[in-house]
Amino acid sequence: MTSEFWKEHENLYYALTNKKVIFGLVVFSLVIMLAIFGPLLTPYDYEEYAGDPYLAPSAKHFFGTTIMGKDVFTRTVYGLRSTILVGFIAGTIATLIGCIIGFLAGYFGGTLFDELLMMFTNIFVVIPQLALLIVISAFLKARGIVVMSVIVAATAWPWTARAVRSQTLSLKNQEYVNLSRISGLGVMRILKDDIASNMFSYVFMVFIQQFNGTMLATVQLEFLGLGPTRGISLGLVMQDAVNWNAIQLGMWWWSIIPGLILTIMITALYFVNTGLDAAFNPRLREM
Amino acid sequence: MGRYFGKKIIVYLITFIIAVTINFVIPRMMPGDPIQILLSRFSGMEGGREIIEKQLTLLFSLDDPLIVQYFKFWKSIFTGDFGISIMQFPTPVIDIIKKAIIYDLILLIPSIILSWIVGNKLGAFSGVNKKADNVLMPIFYFLSSSPYFWLAGVVAFFLGVKLGWFPISGAYSATMNPGFNLKFIFDYLKHWVLPFLSMFLVELGGWAIGMRNMIIYERSSNYSKYMEALGASDKCIRRYGFRNGVLPQVTGLALRLAGIIGGAITVETVFNYPGLGRVMLNAVFNQDYFLLQGIFLAIVTMTLVANFVVDIIYMFIDPRVRLSFSGEV
């Protein structure tokens with residue numbers, strides 16, 4: 001029974017027994033758990049003056065306190081929640097847009113429709129991301145989590161569209177796709193059943209990469225003071241640290257730890273991606 | 001080949017028009033009345049109100065219908081007249097941009113090119129050496145996962161604060177007068193090291209990962225296996241693999257260089273470095289619309305020109321691109 005299941009889902013078996021995937025997933029889950037359960041571990045509020053200022057990490061304040069006496073651990077875990085959420089929504093939107101445009105452009109490869117879609121994509125590639133993000137967010141006076149996600153996603157999708165398009169181009173002349181076409185199946189049906197289902201593993205890896213990229217873009221905007229207008233975010237914690245000269249004052253717990261957690265989480269996802277790559281491409285499996 | 005360039009030029013033109021239009025629309029979509037904000041800020045200054053009003057009629061020509069305003073905006077672009085900065089009154093926007101761009105270039109060009117060279121070498125090395133791969137790859141992943149400004153903070157903390165080797169703020173000491181003499185250049189270089197190093201490290205990871213994957217891919221391709229079967233030396237196969245693998249990296253380098261202006265904005269923030277990214281951010285927070293429009297336009301123009309140059313260069317370094325567009329393959 002179990003062995004039959006694994007035979008059918010061979011890719012999944014290779015994926016879940018890959019050391020890099022296991023390591024990455026464990027680290028990633030730890031960070032996610034910190035974001036979910038972290039707020040339960042702390043008796044403080046993130047805006048509250050929780051103790052003496054300038055305290056190094058201790059049992060009472062896990063990550064020390066800021067120069068104002070706010071608890072860095074509390075701020076970090078609440079900020080982590082917001083940043084991960086924005087990154088996740090933005091990554092999902094960007095992957096969806098990229099896939100839809102990529103599938104359509106690839107399936108109609110070589111036609112005028114394809115050229116127009118690619119022209120549209122190239123325009124977005126050329127317009128400088130960060131500059132556009134800064135200008136857009138500067139003029140939107142109130143920014144919630146959803147607005148932030150849309151802003152980040154708007155500039156994150158083009159490379160996905162390009163990559164998915166070239167994958168679709170190579171799939172669409174396979175015989176089974178031709179067969180579906182001869183049988184008179186609709187375009188949407190062919191895209192869904194024949195092409196998208198065969199690219200599932202690829203799209204999943206694209207999604208992980210998008211998630212990484214959107215989280216970095218999000219934290220960067222937050223750091224520049226262009227994050228959500230209310231609440232706390234990881235980038236905001238780090239911006240405070242720079243503004244209050246935490247680096248010069250040697251407060252490593254404030255200036256380094258919050259960013260370290262995010263970096264570890266993104267690194268873990270990189271490991272998952274590399275492991276999945278090896279699991280899904282038999283060519284790389286022996287490496 | 002003509003068709004290829006024709007298509008590219010059309011895309012770039014459309015992009016430029018869209019970018020300029022965004023630039024035109026944004027101040028007009030602003031919530032509140034930017035003009036009143038500007039006027040109130042200058043009402044206390046001698047003659048300020050008149051100058052600003054003249055500025056506004058010049059740039060916005062608000063009495064005209066929208067379409068006329070739009071064409072006037074285009075005219076001001078081609079005459080290089082972006083107006084006068086509000087933040088640093090009364091310096092013309094174009095002068096501020098020129099001054100800040102130099103800092104960007106001196107900081108970013110060396111860091112991007114050096115990280116590209118070193119990253120490619122290390123990546124290629126770890127692609128063929130399993131032991132090195134196991135040690136180097138986690139480091140590369142970590143480097144390319146870190147936000148620029150976080151790594152900048154780490155570098156500043158350890159090399160600047162703990163060891164005290166380098167200053168961590170500004171582009172030169174406050175007591176210095178910018179000028180072309182040894183003392184100033186030395187002081188400038190000392191301030192340059194840490195921003196340079198943090199940009200270099202973050203970029204390094206990405207290049208190395210890309211190169212490593214390309215090398216592994218090339219090594220398992222048919223031509224490599226064929227050469228191996230013929231008894232070619234390992235070094236020879238590796239050289240061929242490197243030549244193929246480096247092509248996408250060249251595209252990446254070119255795109256990175258294209259986005260160079262304002263590309264170090266967060267690092268500049270950490271080190272209080274007076275590049276264009278910082279100026280842009282200040283313009284945002286001070287609601288200096290003229291300056292903001294000017295910078296955005298400068299960035300877009302740079303990006304477009306650089307992309308176009310890349311397209312041309314790529315034809316020379318990759319024979320396949322050249323041949324496919326002249327219809328020989």
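How much area do chain B and chain A bury between them? In this predicted model, the answer is about 4300 Å², with 81% of it on carbon and sulfur atoms; buried area is the accessible area (1.4 Å probe) that two parts lose on being put together, summed over both. Local features need pLDDT of at least 70, side-chain atom pairs count only at pLDDT 80 or more, and totals for chains, interfaces and linings use all residues. Residues are numbered from 1 along each chain as its sequence is written, and side-chain values use heavy atoms, leaving out hydrogens and water.

**Who takes part**
- Chain B brings 54 residues to the contact and chain A brings 45, where contact means heavy atoms within 4.5 Å.
- On the chain B side, B:Tyr141, B:Phe149 and B:Trp150 lose the most area to chain A, together 14% of what that side buries.

**Polar links**
- Zero salt bridges are counted between the chains (a side-chain nitrogen of Lys or Arg within 4 Å of a carboxyl oxygen of Asp or Glu).
- Three residue pairs, both at pLDDT 80 or more, are in polar contact across the interface (a pair of N or O atoms within 3.5 Å, one able to donate a hydrogen and the other to accept it; residues adjacent in sequence count only if both atoms are side-chain atoms).

**Helices of chain B**
- Among the helices that each supply at least two residues to this side are H6 (130–145), H7 (148–162) and H8 (182–219); helices are DSSP runs (H or I) of at least four residues, numbered from the N terminus.
- H1(B) gives the most, with 10 residues.

Definitions and conventions
Chains lettered and ligands numbered in written order.
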